[in-house]
Amino acid sequence: MDFEKTIIITGGAGFIGSHVVKLFVKKYPRYKIINLDKLTYAGNLANLKDVENMPNYQFIKADICDYENIKKIISTNNVNGIIHLAAESHVDRSIVDPFTFARTNVMGTLSLLQAARDFWEPTGWSDNCRFYHISTDEVYGALELNRPEGDPSASECGGGPFGDKFFTEDTRYNPHSPYSAAKASSDHFVRAYHDTYGMPTIVTNCSNNYGPFQFPEKLIPLFINNIRHRKPLPVYGKGENVRDWLYVEDHARAIDVIFHKGVIGETYNIGGFNEWKNIDLIKVLIKVTDRLLGRPEGADDDLITYVTDRKGHDMRYAIDSTKLKDELGWEPSLQFEEGIEKTVRWYLDNQDWLDEVTSGDYLKYYERMYSK
Ligand code: NAD
Ligand code: DAU
């Protein structure tokens, strides 16, 4: 079959990547979608059951740091689009093991850029080719919490309910964690390939995602699982940090719009204008989970356990995604109440997935499948 485009999606077995792969495979039967993933602890092919037998889908197990192999994969498949999500993504892990984050997020991105350049530059960067790099709002650092009451009408005076500023595309980079420092560095390399070699690149910086298939080391799936099993909920510090939450399928839709209509060389912020203090979000999680489990209201409030704060814990993230709305017409489709209900229900209905992921059984499956 002749395909209109061949796109590599890196990190397609992870949380956000698997949603992006599924969206593209189903929506674009004329595109060949290659999911390129190393299958680290965070990658899980069970996330892709919906599409694994579709004729326009292919999985390739590969490490983005393996430049020679990536170069071969790009040229053999005549790839003309790359959507790059593969990364080490958990801040707590980066605090313990920064080298792995530098290797994957910085060197991995660089090797992918160079491999794409080797293939695309000799053709004069044909109209069709594009390198789309998925980044995070964490590269901008932390915003102040200077509206501590969370006044929703305060946004009329600029900023959001918890502070008078947002991150915009012009906010200066100021990363604090090894994770965000590595992501910031990768963003700079992508822009450098655009400015130096003329590579058609786009960068987007998104806020916190939530939804099905997120590895249960991140706040929302970890806490839903703990509530179900009546395990303590470790709240870092006082639980006052603020995050801006976006349903993962809305992020995937934004990636689709930006991949097709985004202007080369541009940056777009993606967010839901949906700020929550951790402790308030955790109370909602307890309430919804208990209700869906048929437990009385307040039954699990005592699971909340305040623990030592994360080192260098960023106080507040809040994205201004006005540019994306005004220029490309994207807006989040889901209200938070609806998104969180869907999410809690999914984790409660998919205990097998959670058990497999937390037991490491799926890693053994890969070892058998890919052992030489
Ligand atoms: P994730 O940890 O769930 O998935 C990462 C995927 O990358 C996994 O499938 C893993 O196997 C793969 N991977 C890791 N190292 C690799 C390597 N060397 N070669 C090939 N594959 C490798 O991550 P996620 O939460 O889905 O995040 C995806 C991307 O989106 C990341 O770049 C992250 O920085 C960015 N992002 C995430 C969020 C969020 O809230 N989760 C928000 C904004 C941006
Ligand atoms: O902002 C985008 C970023 O969001 C992404 O780039 C990252 O890949 C993603 O992991 C996420 O980073 P956070 O550090 O914000 O997410 P996490 O789920 O780890 O934590 C959310 C908040 O909850 C944060 O303030 C820390 C706090 N927390 C987290 C955990 C895991 C707790 O209080 N207890 C916990 O056990």
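Predicted model: local features only at pLDDT ≥ 70, side-chain atom pairs only at ≥ 80, totals over all residues.
A polar contact is a pair of N or O atoms within 3.5 Å; within protein, one atom must be able to donate a hydrogen and the other to accept it, and residues adjacent in sequence count only if both atoms are side-chain atoms. Residues are numbered from 1 along each chain as its sequence is written, chains are lettered from A and ligands numbered from 1 in the order in which they are written, and side-chain values use heavy atoms, with hydrogens and water left out.

**Ligand 2**

- Around ligand 2 there are 24 residues, of which Thr136, Asp137, Tyr179, Arg310 and His313 come nearest; a residue counts as near if one of its heavy atoms lies within 4 Å of the molecule or strand.
- A polar backbone atom of Pro234 is 2.7 Å from a nitrogen atom of ligand 2, and a backbone N or O atom of Tyr236 lies 2.9 Å from an oxygen atom of ligand 2.
- Ligand 2 taken alone exposes 690 Å², and the protein buries 94% of that; accessible areas come from the Shrake-Rupley method with a 1.4 Å probe, and for residues only the protein chains shown count as cover.
- Helix H6 (219-228) and strand S8 (233-236) each supply at least two residues of this shell; helices (H or I, at least four residues) and strands (E, at least two) are DSSP runs, numbered from the N terminus.
- The shell around ligand 2 has ten nonpolar, eight polar and six charged residues. Ala, Val, Leu, Ile, Met, Phe, Trp, Tyr, Cys and Pro count as nonpolar, Asp, Glu, Lys and Arg as charged, and the others, Gly among them, as polar.

**Ligand 1**

- Ligand 1 is surrounded by 29 residues, the closest being Ile16, Asp37, Ser89, Tyr179 and Lys183.
- Oxygen atoms of ligand 1 lie 2.9 Å from a backbone N or O atom of Gly14 and 2.7 Å from a polar side-chain atom of Lys183.
- A polar backbone atom of Ile64 is 3.0 Å from a nitrogen atom of ligand 1.
- The protein buries 96% of the 840 Å² that ligand 1 exposes when taken alone.
- Strand S5 (130-136) is among the elements that each supply at least two residues of this shell, and S5 gives the most, with three residues.
- By class, the shell around ligand 1 holds 13 nonpolar, eleven polar and five charged residues.

**Seven-stranded sheet**

- An open sheet of seven strands has the order S3-S2-S1-S4-S5-S6-S10, with parallel pairing; two strands pair if DSSP finds at least two bridges between them.
- Strand S3 (57-61) and strand S10 (267-270) stand at the edges with a single partner strand each, so one side of each is left without a neighbour in the sheet.
- Strand S1 (residues 5-10) and strand S2 (residues 31-37) run parallel and are joined by six bridges; Ile8 has Ile34 in S2 as its bridge partner.

**Three-stranded sheet**

- Three strands form an open sheet in the order S7-S9-S11, and the pairing is mixed.
- Strand S7 (208-210) and strand S11 (275-277) are the edge strands, each with a single partner strand, so one side of each has no neighbour in the sheet.
- S7 and strand S9 (residues 242-247) run parallel, joined by three bridges; Tyr210 has Tyr247 in S9 as its bridge partner.
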